[in-house]
Amino acid sequence: MKINKYSTKEFALILKGMMERSEREIRESKFAELMNKHFAATAIPKGIHCLSLRLTDEYSSNAHARKQLPSPELLPLLSDNSYHHFVLATDNILAAAVVVTSAVQSSLKPEKIVFHVITDKKTYAGMHSWFALNPISSAIIEVKGVHQFDWLTRENVPVLEAVESHNLIRNYYHGNHVAGANLSDTTPRTFASKLQARSPKYISLLNHLRIYLPELFPYLDKVVFLDDDVVIQRDLSPLWEIDLNGKVNGAVETCNGEDDWVMSKRFRNYFNFSHPLIAKNLNADECAWAYGMNIFDLRAWRKTDIRDTYHAWLKENLKSNLTLWKLGTLPPALIAFKGYVHPIDPSWHMLGLGYQNKTNVENVKKAAVIHYNGQSKPWLEIGFEHLRPFWTKYVNYSNDFIRNCQILE
């Protein structure tokens, strides 16, 4: 018979060490997985990059790709308030195509739709080519680059220049996301949230553009602003009939739902209430609301100081070394629109399809607008397979550009 090498106490200590090492390895593996997902979410897929390049080349070589959008006789309708005006700001051509196509196909009166698609300078030619070569019957499409808005100059939006050039900002959004992080004191959920907050899109002018809608569209009274990661499944024309009761922003509140992951957001989820400036000015229990599908009454907005408040708080966060909040454009908007938000029925806007794997598919089918907010976009490999078909059904896979760029269904 072999004599036991270890005493009971020694064996217990060895076993404890093995278990702790195993737990640490599992934990480190989880954080590595989250980092890889973050990099996958912020990278541009090869097919989408190809689509932009090919369409840009088409713009330079094909007169049809450069034709005026909309045609000259339809230009007056761009400021006609009897039409339903949508605004979409994006540099993702494929995503823009899905948003516009889904809105038009779901509409009972597509001939009343006007889409104002805004993109950056590098994507403008490709975006214009797509909609010039793939006209959508009935609806009116305008494509503009931010460089084509006379009002949108650095003199008028100085805070954005500060955001883009500030060293702290650059390091925060483009630096090492693990360096200095104490992973032993951080839960995977908290870490995932911090990674999502570090997406470079949050310092993009296109992401901040919605705060300038009254100036960008001076002749319009009301618009619906859409993010590029949404799909429209129902006619949205009734949105223009909603009485906002003098408020500026019609939005779905995100604090009253059954889902404690997606619909449990109050101000405490976005702001650092240990900071005296936040504690003094905000209520941690106040209900948050969603960006991504918003009805904006531009007439009411022009009577407010919403834009200036937004700028002022962005500057405060910069002066405070980003200690007031960490999440992009929604926190300053929560402050700037405070008192100007009219809650709309949650069935108009369903959130979380980009980060909630357990999303109820039956609820998805019923929602007017579904929003793939989060990292797992439907055009990425990390998108959730059971939720992807709601998006892909609006992609024209027979299109030559999409086939040649090997964007596969």
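**Exercise 1.** In this predicted model, work out how helix H2 (residues 46-61) and helix H4 (residues 121-133) pack: what is the angle, and how far apart are the axes?

*Solution.* Start with the numbers: H2 and H4 pack at an angle of about 80°, and their axes are 7 Å apart. Values of 65 to 115 degrees count as roughly perpendicular, so H2 is roughly perpendicular to H4.

Now look at who meets whom. H2 brings Leu 51, Ser 52, Leu 55, Thr 56, Glu 58 and Tyr 59. On the H4 side you'll find, among others, Tyr 124, His 128, Trp 130 and Leu 133. Sort the H2–H4 contact by class and you get seven nonpolar, six polar and one charged residues.

**Exercise 2.** Trace the open sheet: in what order do the strands come, and which strands stand at the edges?

*Solution.* Walk across the seven strands and you read S3-S2-S1-S4-S7-S6-S8, with mixed pairing. S3 (140-145) and S8 (341-343) each have a single partner strand, so one side of each is left without a neighbour in the sheet. On average, neighbouring strands are turned by 25° against each other, direction ignored.

Zoom in on one pair: S1 (residues 84-89) and S2 (residues 113-119) run parallel, joined by six bridges. For example, His 85 has Val 114 in S2 as its bridge partner.

Notes: Residues numbered from 1 in each chain as written. Predicted model: local features only at pLDDT ≥ 70, side-chain atom pairs only at ≥ 80, totals over all residues. Heavy atoms only, no water. Axes fitted to C-alpha atoms, helices over the stretch in contact; angles between N-to-C directions. Helix = DSSP H or I, 4+ residues; strand = E, 2+ residues; numbered from the N terminus. Parallel < 35°, antiparallel > 145°, perpendicular 65-115°, else oblique. Contact = heavy atoms within 4.5 Å. Nonpolar A, V, L, I, M, F, W, Y, C, P; charged D, E, K, R; others polar. Pairing = 2+ DSSP bridges.
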